[in-house]
Amino acid sequence: MSVEVIAQGQGWLALNKPAGASFHSEDGSQGFFAEAENDLKQKLWPVHRLDKVTSGVLLVATDAETAAHLSNQFATRTTRKQYLALTDQRPKKKQGWIKGDMTSARNGSYRLLRTSDNPAITHFVSHFDEDSALRLFLLKPHTGKTHQLRVAMKSLGSPILGDRRYGGTDADRAYLHAWTLEFEDASGPQLITCQPSDGSWPIIPTDWCENAGD
């Protein structure tokens with residue numbers, strides 16, 4: 001694995017995490033974070049995570065002070081994130097909100113409840129791609145629950161293509177991608193965009209690209 005740096009600034013690097021790469025080392029295999037430290041030959045500090053199946057923008061810090069500053073932004077939800085997802089199953093609705101508490105299910109999965117005591121909140125829009133006959137989703141999480149977007153898509157009746165854990169049709173990968181990330185560093189607001197590179201994705205609608213980060 002050759003770790004791709006897509007942007008950098010004072011005290012941080014934005015990396016392109018491949019789909020299928022575990023963040024942590026497990027079962028004797030080196031995880032993406034350890035691989036990044038080895039490949040880039042420098043100590044790094046984690047500030048957030050991406051699921052194993054998810055590709056795209058992963059932010060890491062290059063010093064402890066920046067790590068604390070960035071981690072606090074994720075903890076207080078002042079960062080803004082946009083994800084892309086693909087499905088081959090018709091959703092219950094094409095845009096709107098998905099809200100509800102999440103609870104553990106079997107074998108490390110989660111499910112969405114009808115209650116809203118401490119809800120996972122996601123806003124989404126979608127676009128049907130006639131060439132591939134697939135529907136592309138733009139997902140904007142307002143909370144950061146484990147498996148939030150994967151469970152949200154399943155709740156719409158349109159699990160993510162390739163996400164077998166949540167009922168997605170088999171594919172070469174799970175089609176969930178961290179597309180944009182907004183945060184602030186010492187120099188001011190930052191917007192990082194990472195185009196999907198793993199797998200076969202339809203063209204992203206022009207208006208989504210023009211309004212990336214909004």
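Trainee: Where is Ser109 found?

Mentor: Ser109 lies in the loop that runs between strand E7 (102–104) and strand E8 (110–112), where strands are DSSP runs of E with at least two residues, helices are runs of H or I with at least four, and both are numbered from the N terminus. This is a predicted model, in which local features need pLDDT of at least 70, side-chain atom pairs count only at pLDDT 80 or more, and totals for chains, interfaces and linings use all residues. Residues are numbered from 1 along each chain as its sequence is written, and side-chain values use heavy atoms, with hydrogens and water left out.

Trainee: Why does Ser109 count as buried?

Mentor: Its relative accessibility is 11%, and buried means under 20% relative accessible area, with exposed over 50% and partly exposed in between (1.4 Å probe, protein chains only), so Ser109 counts as buried. Setting aside residues up to four places away in sequence, Ser109 touches Thr103, Ser104, Arg165 and Tyr166, contact being heavy atoms within 4.5 Å.

Trainee: How many aromatic pairs does the count come to?

Mentor: The count comes to 4 aromatic pairs, under a rule that pairs rings of Phe, Tyr and Trp (its six-membered ring) if their centres lie within 6.5 Å, with planes under 30 degrees apart called stacked, over 60 edge-to-face and the rest tilted.

Trainee: What makes the pair of Trp12 and Phe183 edge-to-face?

Mentor: The ring centres of Trp12 and Phe183 are 5.1 Å apart and their planes stand at 90 degrees, so the pair is edge-to-face. This pair links distant parts of the chain, with Trp12 in strand E2 (residues 12–17) and Phe183 in strand E11 (residues 176–185), 171 residues apart. Both partners are covered as well, since Trp12 is buried at a relative accessible area of 2% and Phe183 is buried at 3% relative accessibility.

Trainee: How do you know that the charged end of Lys43 sits over the ring of Trp45?

Mentor: A charge sits over a ring if NZ of Lys or CZ of Arg is within 6 Å of the ring centre and within 35 degrees of the ring normal. The charged end of Lys43 is 4.9 Å from the centre of the Trp45 ring and sits over that ring, while Arg173 lies over the face of Tyr175 at 5.3 Å from the ring centre.

Trainee: Which residues of helix H1 are buried?

Mentor: In helix H1 (residues 32–40) the buried residues are Phe32, Phe33, Glu35 and Ala36.

Trainee: Why can one say that the buried residues of H1 line one face of the helix?

Mentor: Taking the directions from the helix axis to the C-beta atoms, the buried residues of H1 fall within an arc of 160 degrees, so they line one face. Among the elements that cover these residues are E2, strand E3 (45–46) and strand E4 (55–61). Lys41 follows H1, with a positive phi near 55 degrees.

Trainee: What makes helix H3 mostly covered?

Mentor: In H3, 6 of the 8 residues are buried, namely Gln148, Leu149, Arg150, Val151, Ala152 and Met153. Just after H3, Gly157 has a positive phi of about 80 degrees.

Trainee: Which residues does Lys99 contact, leaving aside its neighbours within four places in sequence?

Mentor: Lys99, which lies in strand E6 (residues 96–100), is in contact with Leu112, Ala120 and Ile121. Lys99 and Ile121 are 22 residues apart in sequence, yet their C-alpha atoms are 4.7 Å apart in space.
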